[in-house]
Amino acid sequence: MASKSISRRQFLKGVTATSAGALVLSACAAPAAAPAAEAPSESAAQPEAVTIRTLWSPGGIDNYMRALIDLYKEREPNVEFEINVIEQEQKRATEVTIMSNDGAPDFAWINFGSGLTDRLADAGVITPLNDYYEQYGWWDYLPDHLHTHEYNDQIYHFSVASVTVPMMWYNKSLMAQIGMDPPTTMDELYAWAEACHADDLEALAMGDRDGWPGFHMYQCLATRTVPLEDYEKILRFDKEEYYMGDYPGFEEAFQVMRDMETERVWAKGVLDMNDDQAKGLLFNGQAVAYESGIWVSGQAREALGEDSSFFMFPQIKEDIPFPLTASYADEYMLSSFSTVKDEVAAFFDFVLSKDGQKIVAKIGGGMPIRTDITVADLEGYADSTVGEVTEMFGSGEFPVTDEIVTFWPAELYAMLRNNVQAAIGGQKTAAEIVAEFDELAAKFRAGEA
Amino acid sequence: MTDNAVSGPVTDWRLRLRRGWRRNGIAYFFILPAFTFFILFIVYPLVDGLVLSLYRWDGLSARQFVGLKNFEGLLEAPNFYGAVRNTVQFTVVTTVAKIVIGFLLAISLHFEVPGWKIFRAVFYLNVILPMTAVGVLWSAILNPHSGPLAAGFDLLGLELPSLLGNPKLVMWVLSLIDIWKYCGFPMIFLYAAMEGIPQDLYEAAVLDGGSQLQKLWYVTLPLTKPVLLTITLLQTIFSFQVFDIVFTMTKGGPGYASEVLTHYLYQEGFWFLRFGSASATAVLLLVVILLFSTLYIGQGGLRQREVEF
């Protein structure tokens, strides 16, 4: 096939003609756009559209937040949300960089225990919320958790749910099969583990390879070896009078971790498995029980149906009321760079409404942060795990205490996590671990850490 | 005269520049994007990392100059030495094993053992798998309850011992997985080097009555030596920088049993927000690798040597 070539003159002619054509077409299009320019006068009565940018992690939070947003958008059609979801592993690093500039999300879920709030507050990139608490009357909603949101006498978090850690999920049929009730004392726990093994079943599954499940479990044990009034002091370094590393219950909780391994309460491979693998043991009928937070409720019900239930970890010391458990608040921070702070606060007021709290409870597996919400308020959810737990807390039988993690230094969290593993694996004795904490506490006080 | 004396060299210099630009201008233009990329993403971060190692910085507040305190802090940190020990152990074990196994595999391919084409593909396949996938895969394999390894032990009437959860074994397990994944890397390079050996050298060796072992020793090994030494250097550097397998499988645990330098660095930077200390760790890592490479090259590791027959 012969190729056809064009001269430079022909080429330039073509380009000129095309450009002229484009110009004519755009000129024709202009009048059509004109009426749109008049639109503002018509829509002046409409509220201005607002976009709220968010940041959180996948899982329960993502589920309940999306559901909340859908409902909120029905009520406030002028508010749009730009949702950003980021994996937990990357979140900490990302939060530091992303919150420190004007491209920051308007609000972000803060990973409890990450020890970021103080640094972000010091850098002035997150906003104190005291005025909003005042404006919306939130002070009374979450009195037990308020102090965990405080830094330099300012409140820095929106708190939407209380999350219980940990609970012992179990398979009712397997529990019946071994012929035992859920244990309520340590002796019963060890006897229960033996009964499980006699039936060729694993007892309590925990997958601590990533560190955080053991961290939760340690806190659960510590609430049973340290009285409530002292619990919040055992690992708090920020005030001279707080740290109580030499409190016997602090060391004892590490020892119980180890004892549960030697007594084979933990399912085999507690340090080899991650949380999902441990969960699989319960869901597949290989283990009678599995420890994790309330956020597993939906999955447990889905996997085990009516066979799903839970018990709280047994009492350890007679003089410490049975059975305390730990909880923390699902919390969010507001960027100082946000141009829609009031709109974000209004959204959080909606989340704290009874309708909002129902969604948090039903979809997110979180317990209402508002103490004035009862199981009856959660109509339709009373038969859910959240309903059961709420009832327990409401009855006063299971008093809740807060994790004192909000302003924990990250070093402390890492050290606790790693030392729980070391305690379970028998790498270090409980006394050696406590000595390490003493050393770190001393460094903190001397301003060296 | 004076004018010429001064302007002469200048004119020459300008002339040379102009000529050079005329001759190579287009080449400079083409390398400009890559050069810009190199400056922005390699040189600048490297220099900034070096500078940062002298500061205290949490990523949020202003940098605070602390001189060499970050380095002092590292040397005093209790977990730093564990990370160094684990990194050195991992580097030595995996580098030696990968080179030896890679060499043996390359020989098998070179001498065309039955099924060699399949082996070549199979052994190299691991190398191209993403490490995250490998981490997840091996986590499942090592699952003490439902993993295939546990099932195998079960069949033999044995119980699979704790592997990732055992502080004494965990580094060895990670090393084995790394060896499994990367032994195909030296194999493919060594195989390519062996394939480049002229056939007449082997024929000459046969004529001289050389056995297979002698051919290997006197022909194959000397002629693949430069590649072997280059691969050893590369593998050492790669192993020293191990991160992904530790991050995906153990996060440095149990306790600190599998902590390595790069994971330590990550923790310092992105968990504790001590970017100065993290940079100091990176600088130390860089210095160690540079020292090793310089010594290695200086010792003639990469020098072409004459081969005597």
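This is a predicted model: local features need pLDDT of at least 70, side-chain atom pairs count only at pLDDT 80 or more; totals for chains, interfaces and linings use all residues.
In chain A, the secondary structure comes to 18 helices and 13 strands. The chain has 449 residues, of which 46% are buried. Contacts in chain A between residues at least 6 apart in sequence were also examined, and 76% of these join residues at least 24 apart.

For chain B, the domain assignment gives two parts: domain 1 covers residues 2-52 and domain 2 covers residues 69-298. The centres of domain 1 and domain 2 of chain B, taken over C-alpha atoms, are separated by 40 Å.

The two chains touch each other. Chain A provides 31 residues to the contact and chain B provides 25 residues. On the side of chain A that touches chain B, the elements that give two or more residues are α3 (88-99), α4 (117-122), α12 (275-283) and α17 (410-425) of chain A. Of the elements of chain A, α17(A) gives the most to this side, with seven residues. By class, the residues on the side of chain A that touches chain B are 12 nonpolar, 11 polar and eight charged.

Two helix pairs, one from each chain, were examined for their packing. In chain A, helix α9 (residues 212-225) packs with helix α11 (residues 248-262) at an angle of about 130 degrees, and their axes are 8 Å apart. An angle over 145 degrees would count as roughly antiparallel, and 65 to 115 degrees as roughly perpendicular; α9(A) and α11(A) are therefore oblique to each other. The crossing in which α9(A) passes α11(A) is right-handed. The residues of α9(A) in this contact are Tyr218(A), Leu221(A), Ala222(A) and Thr225(A). They meet Gly249(A), Phe250(A), Glu252(A), Ala253(A), Val256(A) and Met257(A) in α11(A). By class, the contact of α9(A) with α11(A) has seven nonpolar residues, two polar residues and one charged residue.

In chain B, helix α3 (residues 78-110) and helix α4 (residues 116-128) cross at roughly 150 degrees, and their axes come within 9 Å. Angles over 145 degrees count as roughly antiparallel, and α3(B) and α4(B) are therefore roughly antiparallel to each other. The crossing of α3(B) and α4(B) is left-handed. From α3(B), the residues in contact are Leu105(B), Ser108(B) and Leu109(B), which meet Trp116(B), Phe119(B), Arg120(B) and Phe123(B) in α4(B). The contact of α3(B) with α4(B) divides into five nonpolar residues, one polar and one charged.

Asp154(B) lies in helix α6 (residues 148-155) of chain B. This residue has 11 C-beta neighbours inside 10 Å and therefore counts as exposed, since the limit for an exposed residue is 12 or fewer. Glu159(B) is found in the loop between α6 and α7 (170-182) of chain B. Glu159(B) also counts as exposed, because it has 11 C-beta neighbours inside 10 Å. The C-alpha atom of Glu159(B) is separated by 35 Å from that of Pro186(B), which is 27 residues away along the chain.

Some residues were examined for their backbone geometry. Most residues other than glycine have a negative phi, and most peptide bonds are trans. In chain A, Asp153(A) is not a glycine but has a positive phi of about 65 degrees. Asp153(A) lies in the loop between β4 (150-151) and β5 (154-155) of chain A. Because Asp153(A) has 7 C-beta neighbours inside 10 Å, it counts as exposed.

In chain B, the loop between α11 (244-249) and α12 (261-271) holds Pro254(B), and Lys251(B) is placed in the loop between α11 and α12 as well. Phi of Lys251(B) is positive, near 55 degrees, in a residue other than glycine. Lys251(B) counts as buried because it has 22 C-beta neighbours inside 10 Å, and a residue with 20 or more such neighbours is classed as buried. The peptide bond from Gly253(B) to Pro254(B) is cis, with omega near 0 degrees.

Definitions and conventions. Residues are numbered from 1 along each chain as its sequence is written. Chains are lettered from A and ligands numbered from 1 in the order in which they are written. Axes are lines fitted to C-alpha atoms, for helices over the stretch in contact, and angles run from 0 to 180 degrees between N-to-C directions. Helices (H or I, at least four residues) and strands (E, at least two) are DSSP runs, numbered from the N terminus. Angles under 35 degrees count as roughly parallel, over 145 as roughly antiparallel, 65 to 115 as roughly perpendicular and the rest as oblique. A crossing is left-handed if the near helix is turned anticlockwise from the far one by less than a right angle, and right-handed if clockwise. Two residues are in contact if their C-beta atoms, placed from the backbone, lie within 7 Å. Ala, Val, Leu, Ile, Met, Phe, Trp, Tyr, Cys and Pro count as nonpolar, Asp, Glu, Lys and Arg as charged, and the others, Gly among them, as polar. Domain bounds come from an automatic or database domain assignment.
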